[in-house]
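Subject: Structure handover and notes

Hello,

Here is the structure for your files. My notes on it follow below.

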Amino acid sequence: MTATPAPVSRTADLVLEGGGVKAIALVGAAVALAENGYTFARIAGSSAGALVGSIIAAMQQAGEPMSRVDDIMRSLDYTDMLDRRGLGKAFSWWPTLANGLGILFHQGMYRGQHLEDWTRGVLADLGVRSFGDFAFDDPGSSLPPGKSFRLVVTTSDLSRQRLVYLPWDLVDYGLAAENFSVARAVRASSAIPFMFEPSTLKGRHGTSTLADGSLLRSYPIEIFDRDDQQPSRWPTVGVRLSSPWNEQAPATPVTGPISLISSLIYTTVDSTQVRHVSNPVNVERSIFAKPKGVGWTDFDLTPEQQQTLFESGYDAGLKWLTLHPEGAPIRTDRDHPGQISVT
């Protein structure tokens, strides 16, 4: 009997798109890549991508199998994330009023503290607390040593109207990246406007309000592309929870205040990113794991829906691998003047 050959070992950077409770689909795609020989030198993500990315980075660093990421993500009870405070908690029996009170007094229907606490506990069990635990020596990188971290997440500074990469941009706030909590960064990246309370960051510019990274960069596929004209060391592979831009999307009716808020957020996110994510090279290095039948705020996921999400990501990953048997495409300066992909 002929033995099945071991998969070729390949290194890549991994970028994960935000997508609320659809995060398990990201895990499915990452597992498909890992089973086919991929390891991830660095990971970037936004919102749900930041959460999954932090766990994958910690698991790899601890030498744990990728399959455990799926087990961990399924242990998160999303309904526990709907943690109200104050009057909102007192009127939880009247959701419409409770939601309004949360937005009025706390800028969000829910605290978001459960997500931070859960993430902190998971990462601590894997030996990760601050970004200092993700710092590593990376000779050959175009990035300065102060930016050599295995995880980077995006968030939106509403006070200064700018995109923030954590931990890279902490120095601009006069803060030490090595001491900054990874769980805190994940929470800031996941603070969906009006739904979860924004985070605050006190620094040399005063107190900034941080909200969902997806507002300004839901899919930072270009984050590790190098700009020093040196040859690439490895490619970037991204996982999206949406469809390619050329797909004809059906109209989604706006049926009420919450639906209007959701549509406003999605329209803002999409309009800020259509150019860079629709670049043919970025499409080519992206896995499109678009789950069906699950909304990004469907917090009452059933085990069956979780399995469907995982399978949608896993199948999309296998499909992409079939189309790229020699590995992910490498971005060159012909694709984007002045930049050669990877780090």
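In these notes, a residue is buried when its relative accessible area is under 20%, exposed when that area is over 50%, and partly exposed in between, using a 1.4 Å probe and protein chains only. By that scale Glu35 is partly exposed, because its relative accessible area is 45%.

The model is predicted, so local features need pLDDT of at least 70 and side-chain atom pairs count only at pLDDT 80 or more, while totals for chains, interfaces and linings use all residues. Residues are numbered from 1 along each chain as its sequence is written, and side-chain values use heavy atoms, with hydrogens and water left out.

Overall

The chain has 343 residues, and 52% of them count as buried. Its secondary structure comprises 11 helices and 10 strands; these are DSSP runs numbered from the N terminus, with helices being H or I of at least four residues and strands E of at least two. The accessible surface of the chain is about 15,600 Å², and carbon and sulfur atoms hold 55% of it. Areas were computed by the Shrake-Rupley method with a 1.4 Å probe, and for residues only the protein chains shown count as cover. Of the contacts in the chain with a separation of 6 or more, 77% are between residues 24 or more positions apart, where contact means heavy atoms within 4.5 Å.

Helix α2 and its two partners

For both, axes are lines fitted to C-alpha atoms over the stretch in contact, and angles run from 0 to 180 degrees between N-to-C directions. Angles under 35 degrees count as roughly parallel, over 145 as roughly antiparallel, 65 to 115 as roughly perpendicular, and the rest as oblique. A crossing is left-handed if the near helix is turned anticlockwise from the far one by less than a right angle, and right-handed if clockwise.

On the α2 side the contact involves Ala50, Leu51 and Ser54, and on the α7 side Val182, Val186 and Ser189. By class these residues are 4 nonpolar, 2 polar and no charged. Here Ala, Val, Leu, Ile, Met, Phe, Trp, Tyr, Cys and Pro count as nonpolar, Asp, Glu, Lys and Arg as charged, and the others, Gly among them, as polar.

The second pair is α2 with α3 (residues 67-74), whose axes come within 10 Å and cross at roughly 135°. The two helices are therefore oblique to each other, and the crossing is right-handed. Leu51, Val52, Ile55, Ile56 and Met59 of α2 meet Arg68, Val69, Ile72 and Met73 of α3. This contact has 8 nonpolar residues, no polar and 1 charged.

Ala48 also lies in α2. Ala48 counts as buried because its relative accessible area is 6%. Leaving out residues up to four places away in sequence, Ala48 touches Gly18, Gly19, Gly20, Ala23, Leu26 and Ser190. Its C-alpha is 7.7 Å from that of Lys22, a residue 26 positions away in sequence.

Backbone points to check against your own view

- Ser47, in the loop between β2 (38-46) and α2, has a positive phi of about 55° although it is not a glycine. Ser47 is buried, at 4% relative accessibility.
- Gln161 is another residue other than glycine with positive phi, near 50°. Gln161 sits in the loop between β4 (151-157) and β5, and is exposed, with a relative accessible area of 64%.
- The peptide bond from Leu166 to Pro167 is cis, with omega near 15°. Pro167 is in the loop between β5 (162-166) and α7.

Glu35 belongs to helix α1 (residues 23-35). Glu35 and Leu318 are 283 residues apart in sequence, yet their C-alpha atoms are 9.8 Å apart.

Asn282 is in helix α10 (residues 280-284) and is buried, at 1% relative accessibility. Between Asn282 and Ile221 there are 7.1 Å, C-alpha to C-alpha, and they are 61 residues apart in sequence.

Regards
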